Amino acid sequence: MFDQFLPSLWKKHQEPSKREPDFFDLFEEFVRAPLGETMFPANMAPNLDVSETEDEVRIKADVPGLDKKDIELTLENNALIIRGKTENEHEEKKDNYIRRERRFGSIYRSVPLPDYVDTASVSATCEKGVLTVRMRKLPEKMPKRIAVE
């Protein structure tokens, strides 16, 4: 009697033959590859952590699976541009089959920088899938507080 009021997520626990496929079923089917692996879009924006201390601005970006040789950093129009590209091919030959897998992908992210960042002092490291970019602040360009009298 009250089935019509139950959200479709609650109905998931019913036998598949007794319920209609819903949006979540279709979405799950769409994002799963034939072997059960998740498909990723060709271009992804890496997750960022941006932090600031008295002396520097620090940006950390998640770049799993990328080597430092695959990452390109540029400064353009007062922004830090992060680009990366990965190409991976794997082949396995056995007695009665050959399996080939290819993975291609790229990342892109543009991070606007404040005027008080010293773009000549940019340094970057990449360890365990995390890119860390550090930039010193220029004290003379920092915002100045003006006391109201």
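This report describes the strands, the nonpolar core and the salt bridges of one predicted protein model.

Because the model is predicted, local features are described only where pLDDT is at least 70 and side-chain atom pairs only at pLDDT 80 or more, while totals for chains, interfaces and linings use all residues. Residues are numbered from 1 along each chain as its sequence is written, and side-chain values rest on heavy atoms, with hydrogens and water left out.

**The chain as a whole**

The chain has 2 helices and 8 strands, where helices (H or I, at least four residues) and strands (E, at least two) are DSSP runs numbered from the N terminus. Along the sequence these elements follow the pattern α-α-β-β-β-β-β-β-β-β. Of the 149 residues, 21% count as buried; here buried means under 20% relative accessible area, exposed means over 50%, and partly exposed lies in between, with a 1.4 Å probe and protein chains only. The accessible surface of the chain comes to about 12,300 Å², of which 52% belongs to carbon and sulfur atoms, the areas being computed by the Shrake-Rupley method with a 1.4 Å probe, and for residues only the protein chains shown count as cover. Among the contacts (heavy atoms within 4.5 Å) with a separation of 6 or more, 47% are accounted for by residues 24 or more positions apart.

**The four-stranded sheet**

Strands of a sheet pair through backbone hydrogen bonds, either parallel or antiparallel. In this model an open sheet of 4 strands has the order β2-β3-β8-β7, with antiparallel pairing, and two strands are said to pair if DSSP finds at least two bridges between them. The edges are taken by β2 (48-52) and β7 (123-127), each of which has a single partner strand, so one side of each is left without a neighbour in the sheet. From one strand to the next, the twist averages 15°, with axes as lines fitted to C-alpha atoms (for helices, over the stretch in contact) and angles running from 0 to 180 degrees between N-to-C directions.

β7 runs antiparallel to β8 (residues 130-136), and 5 bridges join the two strands. In this pairing Thr125 stands opposite Thr132 in β8, while the partner of Ser123 in β8 is Arg134. The two strands form a hairpin with 2 residues between them, and Lys128 in the turn has a positive phi of about 50°. Pro139 lies in the segment after β8 and is exposed, with a relative accessible area of 62%. Although Pro139 and Asp118 are 21 residues apart in sequence, their C-alpha atoms are 9.5 Å apart in space.

β4 and β5 pair in the antiparallel sense over 6 bridges, and one of the bridge pairs sets Leu73 against Ile82 in β5. Their hairpin has 2 residues between the strands, and Asn77 takes a positive phi near 50° there. β5 also pairs with β6, again in the antiparallel sense, over 15 bridges, with Thr86 bridged to Gly105 in β6. A hairpin through 4 residues joins β5 to β6.

**The nonpolar core**

In soluble globular proteins, nonpolar side chains tend to be buried together. A nonpolar core is a set of buried Ala, Val, Leu, Ile, Met, Phe, Trp, Tyr and Cys residues joined through side-chain atoms within 4.5 Å, and the largest one here has 16 residues, with Ile59, Val63, Leu80, Ile82, Leu131, Val133 and Met135 making the most contacts inside it. At least two residues of this core come from each of β3 (56-62), β5, β6 (98-112) and β8. Leaving aside residues up to four places away in sequence, Leu80 touches several others, including Ile59, Leu73, Val111 and Val133.

**Salt bridges**

The structure holds 13 salt bridges, each being a side-chain nitrogen of Lys or Arg within 4 Å of a carboxyl oxygen of Asp or Glu. The table gives some of them.

| Pair | N to O distance |
|---|---|
| Asp67 and Lys69 | 3.6 Å |
| Arg83 and Glu72 | 3.6 Å |
| Arg99 and Glu92 | 3.4 Å |

Asp67 is partly exposed at 44% relative accessibility, whereas Lys69 is exposed at 66%. Arg99 is partly exposed at 36%, and Glu92 is partly exposed at 21%. A network of salt bridges also links Glu56, Arg58 and Arg134.
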